[in-house]
Amino acid sequence: MYTTRIGRLFLKAYNDKFEKNYTAKGFFEKVFVPLFFDYPKYMMTAGNSPLENPKLSWEDMIKGKKPFETPEQRKERICKMIKKIESEKADASIAIGYGVTDNTAATTGQITSMALADNKDDIYFSWIGAGLGIGVTGALTILFDNSQLLLDIFEGWKYYRSYLEKNPLMKGNQINTWNGRWIEHRYSWDYEESDPTAGFNPLEPTSNGLLNLLTVSWVDVVLKIARKIPMDNMMGYLYNIGQTNTTIGFIPFKLQDIVRPNQLYEKVFGLPVFLKDRSRISKLYGTAMGLRIACQNGAIGIPAMEPKGLRAFFPTNKGVRKIACKDDEEQRITYNTYLIWILAMLNNEKLWDISCEFAKCLLHYEVGAGKARKDRINKVNQLLDSVTSKQFIQNLIPIINDEQNIKEYENIGRVVHEMPKDNFPYFNTLIRFQYALLNK
C-alpha cells in the first residue's frame, strides 16, 4: 500500500519542519480529518468508510435541494471511523488502497491468504498519503516520494478548503485534482510568496451550474516539478481509485531529461522567445501517446514528451511526408517544438548546427545548377527521402559528383555513418525540417 509509505514519509518531514511530534493517529485526528471531513463539503471522497454518507447527493446539497450534515452528525461519523479503525482488521472500508477481507464482496480480486500485520498506524498513513496524490489528465493519480514536494502539496490543502468555503457552487472531493493544479501554480515562474493565490484561477463552470476544478496535464505539472527540484530521478506511483481501480505501478520520472527540451528551446531560440512560447509548447509535449502508454517504456523521460503529429514526418518504408511551411505563428511554434524534441532525443547539440549548415549547403547546391536546377532538386529530394542511413549515403554520392568542394558532404556522410542506426530517422527529419524552413 504505497499510500501508507507516502503518508509515513510526509509525516516525518512535517514533524521535522514544524517541530511537532504527531503520531499517525494524532495527525489524522487533529489535522487531517478536521480539514478534510469536518465541513459540509469534503475535500476527498471517503469511499465505503463511516466518514462517507452514501445517502447524500453533493450536487443536491450544493444547490440547496438537500440539507448538509450537521456538525453533530459529522462528529458521530468521525468517532465511528476512529472506533472502527482501532477495533477492526484493516480493509478497503477503512484504509485507502487496501483489499477486501470478505470473499463475498462485489470486488474480491485483492484478497490474499498471506497473514498481513494489522498496523493501525498504516491505516491512518494510508489516508494521509492518499490526500497527497497529484491528479492528472487521463484519470490517473501520481504519488511522488519526495519530502519537499509533499510538504508543498500539503501547503495547498488549506487553500483548497478556503476555495470550497468561498465558492458555494464548487464541487468537493477533488483533492488530487487540486494538488495537481496547486503544484503547477506553486512552482510557476510568477508565483508570489506574499500572495500565494494571486493569478490562480483553477475553476470553470459546468453544464449543471456547478464550479469544477480543471485537471492539469501531467506534462505541465512534471515540467514545473523538474524545474523546481533539481534531481535526476523521482519515483512515482501511478494509480486510480474509483468505481474501477487501476494500478500502473512504480515509474521513475527522469526529471532532468524531461526539462531538457525546454532548456534547449531557450538555448537555441533565446530566452525572450522561450518565455513568449513556453505556455504553448508545453501543450504540445506529451501529446503523441499519453501518460498511460508512455509508462510502458518503464520510465518517463524525453520519449514520453513526444509531440503529436511529429511521427508522421519520420521516414518509413513507404517513404517520407513532405514538409510544408507557411508564415504562421502556430506552425512556427509547432515546428520549433518538433525540432527541439528531436534534438533532445539525439542528445547531441552539435547536430543542430550540422543539420542547419547541411540544409544551407543543399540549397546552395540547387541554386548553382543553372539550367540543370531541376535535376539537382530531384537529387536533393531523393537524398532527403532516404529511409536508412545506408540509402542516405548512397544518395549523397550523385550530389558529391556534381560538386568541387565536398568537405561539407564528407562531414555529413561521416556523421550519418557513425551515428546509431536508430538515430538516423530523427537526424534525417531534423535535416528535412531545417531544409524546409530555410527553403520557405
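Visitor: Arg-161 first. Buried or exposed?

Guide: Arg-161 is buried, at 4% relative accessible area. Buried means under 20%, exposed over 50%, partly exposed in between (1.4 Å probe, protein chains only). This is a predicted model: local features need pLDDT of at least 70, side-chain atom pairs count only at pLDDT 80 or more, and totals for chains, interfaces and linings use all residues. Residues are numbered from 1 along each chain as its sequence is written, and side-chain values use heavy atoms, with hydrogens and water left out.

Visitor: What does Arg-161 form a salt bridge with?

Guide: Glu-165, with the closest N and O atoms 2.8 Å apart. A salt bridge is a side-chain nitrogen of Lys or Arg within 4 Å of a carboxyl oxygen of Asp or Glu. Glu-165 is partly exposed at 40%.

Visitor: How many residues apart are Glu-165 and Arg-161?

Guide: Four, in helix H6 (residues 147–166), so about one helical turn separates them. Helices (H or I, at least four residues) are DSSP runs, numbered from the N terminus.

Visitor: New topic. What pairs with Lys-267?

Guide: Glu-349, at 2.6 Å between the closest N and O atoms. Lys-267 lies in helix H10 and Glu-349 in the loop between helices H13 and H14, so the pair ties together parts 82 residues apart in sequence. Lys-267 is exposed at 59%, while Glu-349 is partly exposed at 29%.

Visitor: And Lys-276, which partner?

Guide: Glu-329, 3.1 Å between the closest N and O atoms. That pair links helix H11 to helix H13, 53 residues apart.

Visitor: How many salt bridges in the whole structure?

Guide: The search finds 19.

Notes:
Helices (H or I, at least four residues) and strands (E, at least two) are DSSP runs, numbered from the N terminus.
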